[in-house]
Each structure stands twice: as C-alpha cells, then as structure tokens.
Amino acid sequence: MRKCFYVLLVLLFAVKISYSQQDQFASFAENNINGFAQPFVTSLGEGLNSGGFHTAYVPTLFGFSISFRAMYIFIPNDQKTFTPTLPAGYTATEPTATFWGNKAAVYTGPNGYLSFVNGIDQSGTPFYMPQITGSLMGTELLIRYLPQIKVGDKNLNFFGIGIRHNISQYIPLLPVDLAVQVLYNKLTLQDIITASTFAVNGEVSKTLGMFTAYGGIQYETSKFDLSYTLNGDPGSPDPLLRQTRNISVSINGKDNFRLIVGASLKLVVLVFNVDYNISSQSVLTGGISLDF
Amino acid sequence: MKKYLLKSFIVVIVLTLFSLNGCILDSFNSVTQNVPITEKFIINSNPSTHTLTQEVSLDSSSVYQNYEEKIENIKLLHAEYRTVSVTPADLSGNIEFTLADKDGNTLFSLTLGKLTPANYQKTPLEFTLTSSDIEKVNSYLSMLSNKTFLATISVTNIQSSTSTFELVGAVDVIFEMKTKL
C-alpha cells in the first residue's frame, strides 16, 4: 500500500530506484553499468521530456493552466539486452539483460561461470506528472514541482521548468499556431541519484472548433548520476567484481530526437489531450488540463 | 454532461494507474540473480584410479550469503568441469562425476568418458544434464535449508607420459536465486 501511495503521488521511477538500486545495480562494475542502466535512464528522460504542450497556441495576453500528465513508455526489444564487457578469456557469446530485460546470460571461461543480475522483464512503464503553466504576452512559464518527500530513508526532490514562446504572433495571417519551448527537469534521490533532462522543441497546431491537432519535433538529452555500492564477490572471475566498493557513474540516456503527433479536445476550460511520441522509446501521453 | 465526462475520465485514469502500477510493482518485490560456486579438487599421485568426495556448500558464495535470509527459491542452471592446471599435458583418464545430497543420495551422475584435462583449461566442459537431473537437484533445493551437496569425482584408467602427475580440476555450478526485496 505504501508503494502504491508513493507511485500515485510521487514519480514512479524514484520509487523503483529506491527499492531496487542496491540489488539491481550492485552486481555491475563501472564497465557494464552503463549498458545495464542506460535504457532505464532513457525511460526517465522520455518521461520527463514528455507532456510539455498540448497546443502550439500561447495566449498573447494572459493564460493559466493546471495539468496532469500520464505517459506510457514503450521499451523496444533492442533495449532489453546489451553486450557486456567481459574479462580476458571470456567471450560474450550472447547479450545479457538490461534493467528492462529478462534473464541474465551465463558466460563460461578459464575461471568459471560469470553472470549478472536479471532484468525486471517489462515492455513498458507508466509515468505521471502534475504541472502548471502561466503565460503573459505570448510567453509561457511551465512549472513541475513536488515538495520534498521521504522515500525509504532518502529525500526525494523533483523540479521542472519550461519556457514557451508564441512565434506565430510575429507572422501575420499564418493559418497555424507556432511556438518554441525549452524544458529542464531535475530529480534527486539523496545520495543515490541526480537525474537531469533538457529539451528544446518546435511546435505547430491547428484548431478547428473544440478540436486541435498538434505536432512537434524535439531535441533532448537526459543524464543520470548514480552512486551505489558494488557487492563484491571474492570468487568472481572478473577482477572488477571482487571487492565491495562504492561506485559513482554518470550515464547519458539514448533519447535525442522525438516526433510528436497529437490531438486535444477543449470543453470550455477542460482540455483532454493525447499524443504519440516517436523516439528511442516511444511514449503515449494522455493529459487532462484546466485552461483559463 | 461536462461533470460526467470529467468524472469518467478521472475514474479511467485512476483505474489505469492502479492496474499498471500493480503489474510493474510486482517486478520490484524480488530480484533474481545467478550464483556461481566452484569446488576444486587435486589429484597428484600415481595410482591409476582415484575417487574423491568433497562437500560443496552454497555458503561458499558471498552472493548467497548476502541474500540467504531473503531467498524465495533457488534453482540449478548449469554445471561444468574445468581444468585449473595439469602436469604433464598428455595426462588422460576416464572421469565420472556424481552429485549427491547431504545424506549421500545421488541426484545425478555423469560419465564424462576418456578425457585429456589439458583440453579444458580455456574452455570448460559443459555437463549435459537431463531435465530429470535438474528436477532432482531443484527438488532438493526447494527445501531452503538444503544447501550442502556431496560431489564425487572418480578418475580411472589414468595414463601419463611421466610416473608422477598433478591435476587441479574444478567443478563449477551456477544457480538462479530469486530473493525478496
């Protein structure tokens, strides 16, 4: 019940990490943690960099909106396995599981068996975020924020900010709305994770009555600084895995570009939207907003 | 109408969130990792027949020790023979391997045939285990207090170009262990 509570009110990923990081990451040294964790970092980036807009229209006078975004991130099969770096005498005859994958491969060589931890065997993951926006004179400020929350014995902090600007106001008689947006998000789980994402996009939309069709193209990055304790096994064939020690690594997500296509329905001040994001890990985003 | 739409949408969202979370959070109730253990044996005199029985315990693995109190189940995945060192290189013999439970009841027995150990220094010899062999081991391990095996290796018809020899061999076994988080 405690977990469900956190998931609904916090960010699912932070909870996942707090419960699993020691055991999921603790069998990887610096040489393979990137391969194992990168698809997870990509998912985090895909989630945080989603849901930044549901129309390219930015009010030229004043606007205010409260939104709730729910995403479902699809994990492609090629991000469920990776080819690990193995010690001398061992050959990676098959790939092993990433964080999202299934069974870990077992390798054999002159010093016995070598293997890693299994993945969690998932093809997708949900992600949720509340956000508010306020606009003035064609420029909109987006804020995502959660007050500090205890997750286990760690403090979780999340903050996101975005700026969006109406471009179509400078082009008379343009039949569509155009805007550009910059987004930055930061999530920290005390002593374990600092995750930051950045995105810049160009947006276009066309409104017909209650319906708006919108789309965009986005460049983005995600970075994950992770600290964990490697559970050393003195009998391991891999010298890097023999000693228990603390490891700090920085991992970049594989998300770089995405294409966004979506539609929204506005009923007075209530807006429902759905969009599909074609990216390294595709994302289906749904949202409900109160737009004033 | 608007209120009805809003309520319906919120109900759908909440139900979807709960159902999706239920699925994915189940994955975080446990972690599965592989536990390799190795038992070495040494044969270093010159009769033509040797039989060695050694106790093998999962306790020899630090991974097992770390998670012993949280194990949900543990299963046999693979086993192999490996030569650590051998002198002279042309040493050969017929090798038989038997794995028994702690009371000496055989779980499986393999006749590996006439082998030249020098061939298995870089590339170990994977044991071909039947599903029945694996089932017997897993049945034994299903009682989580069972963590000790008796491994017997018999070498017969030993042939060597020298009157003395030394063989250091190893049997590697890898288990899949599911533990609670």
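Colleague: Okay, using that, how many residues of α3(A) are buried?
Modeller: 15 of its 19 residues are, so α3(A) is largely enclosed by the rest of the structure.

Colleague: And what span should helix α3 of chain A have?
Modeller: It covers residues 30-48, and at 1.5 Å a residue those 19 residues should span 27 Å. The end C-alpha atoms are 26 Å apart, which agrees.

Colleague: Where does α3(A) bend?
Modeller: At A:A37, by about 45 degrees. There's a proline, A:P39, following within four residues.

Colleague: Which residues have the most contacts inside the largest nonpolar core?
Modeller: A:A37 again, along with A:F224, in a core of 38 residues. Several elements of chain A supply at least two residues each, among them α3, β1, β6 and β11. The largest share comes from α3(A), with 6 residues.

Colleague: What does A:F224 touch?
Modeller: Leaving out residues up to four places away in sequence, A:F224 touches A:V41, A:L44, A:I193, A:A195 and A:I251. There's also a second, separate core of 24 residues, which includes B:V35, B:V63, B:V171 and B:V173.

Colleague: Switching to chain B. In what order do the strands of the open sheet come?
Modeller: It goes β1-β8-β3-β6, 4 strands with antiparallel pairing. β1 (30-43) and β6 (125-126) stand at the edges with a single partner strand each, so one side of each is left without a neighbour in the sheet.

Colleague: How many bridges join β3 to β8 there?
Modeller: 14, between residues 71-87 and residues 166-180 of chain B. If you want a spot to look at, B:R82 stands opposite B:A170 in β8(B).

Colleague: Back to chain A, then. Is A:P76 partly exposed or buried, and why?
Modeller: Partly exposed, because A:P76 has 13 C-beta neighbours inside 10 Å. A:P76 is in the loop between β1 (62-74) and β2 (81-82) of chain A.

Colleague: What about chain A as a whole?
Modeller: It has 3 helices and 15 strands, and the C-alpha trace spans about 75 × 35 × 30 Å along its principal axes. Of its 292 residues, 48% count as buried.

Colleague: Where does pLDDT stay under 50 in chain A?
Modeller: Over residues 1-10, for which the model has 15 contacts beyond four places in sequence. Where pLDDT is low, the predicted coordinates should not be read in detail. Chain A averages 87, with 91% of the residues scoring at least 70.

Technical notes
Residues numbered from 1 in each chain as written. Chains lettered and ligands numbered in written order. Predicted model: local features only at pLDDT ≥ 70, side-chain atom pairs only at ≥ 80, totals over all residues. Expected span 1.5 Å × (residues − 1). Bend = angle between axes of the 7 residues up to and from the residue. Buried ≥ 20, exposed ≤ 12 C-beta atoms within 10 Å, placed from the backbone. Pairing = 2+ DSSP bridges. Core = buried A, V, L, I, M, F, W, Y, C linked by C-beta atoms within 7 Å. Contact = placed C-beta atoms within 7 Å. pLDDT = per-residue confidence, 0-100.
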